[in-house]
Amino acid sequence: VDFTINVNADCVPCSINEIQVSKTITANGDGINDLFVISGLEYCDFTFDLMIFNRWGNKVFEAKDYQNNWGGIAPTNALGTAGNLPTGTYYYIINPIKNTNGEVIEAVNGYIYIGTN
């Protein structure tokens with residue numbers, strides 16, 4: 001049985017209330033929670049600028065037009081040779097959230113736990 005489902009983008013809710021952000025990263029290569037993921041607005045033409053900070057307020061990651069591809073890696077192995085950030089709680093800011101018309105919707109922030117053990 002073959003069938004086709006057409007989705008009209010005008011019917012997809014595109015409000016900040018639909019955004020879902022990872023709460024945990026366990027970068028152990030098992031395919032579960034390996035990356036920081038922003039979802040819920042896939043059909044809404046939004047771009048996300050992401051910053052991650054450690055508990056001391058130091059920026060440990062930054063990306064313009066983030067593509068759900070960061071797994072807790074320290075920039076240029078800044079924290080020794082391990083490559084991964086230490087286990088702990090980090091703070092994220094997704095700022096600003098823009099649609100394709102350049103309209104700024106709203107910033108989102110919160111905490112993420114990174115477990116690297």
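The following exercises, with worked solutions, concern the predicted model shown above.

Residues are numbered from 1 along each chain as its sequence is written. Because the model is predicted, local features need pLDDT of at least 70 and side-chain atom pairs count only at pLDDT 80 or more, while totals for chains, interfaces and linings use all residues; side-chain values use heavy atoms, without hydrogens and water.

**Exercise 1.** Determine where Ser22 is found and whether Ser22 counts as buried or exposed.

*Solution.* Step 1: Ser22 is found in the loop between strand S1 (20-21) and strand S2 (24-26); strands are DSSP runs of E with at least two residues, numbered from the N terminus. Step 2: the relative accessibility of Ser22 is 13%. Buried means under 20% relative accessible area, exposed over 50%, and partly exposed in between (1.4 Å probe, protein chains only). Ser22 therefore counts as buried.

**Exercise 2.** Identify the residues with which Ser22 is in contact, leaving aside its neighbours within four places in sequence.

*Solution.* Step 1: contact means heavy atoms within 4.5 Å. Step 2: with those neighbours left aside, Ser22 is in contact with Leu35, Phe36, Val37 and Ile112. Step 3: the side chain of Ser22 reaches the backbone nitrogen of Val37 at 2.7 Å.

**Exercise 3.** State where Ile5 lies and classify Ile5 as buried or exposed.

*Solution.* Step 1: Ile5 lies in the segment before S1. Step 2: Ile5 counts as exposed, because its relative accessibility is 66%.

**Exercise 4.** Name the residues that Tyr92 touches, not counting residues up to four places away in sequence.

*Solution.* On this count, Tyr92 touches Val21, Lys23, Phe36, Leu50, Met51, Ile52, Val108, Asn109, Gly110, Tyr111 and Ile112.

Key. Helix = DSSP H or I, 4+ residues; strand = E, 2+ residues; numbered from the N terminus. Polar contact = N/O pair within 3.5 Å; in protein donor to acceptor, adjacent residues only side chain to side chain.
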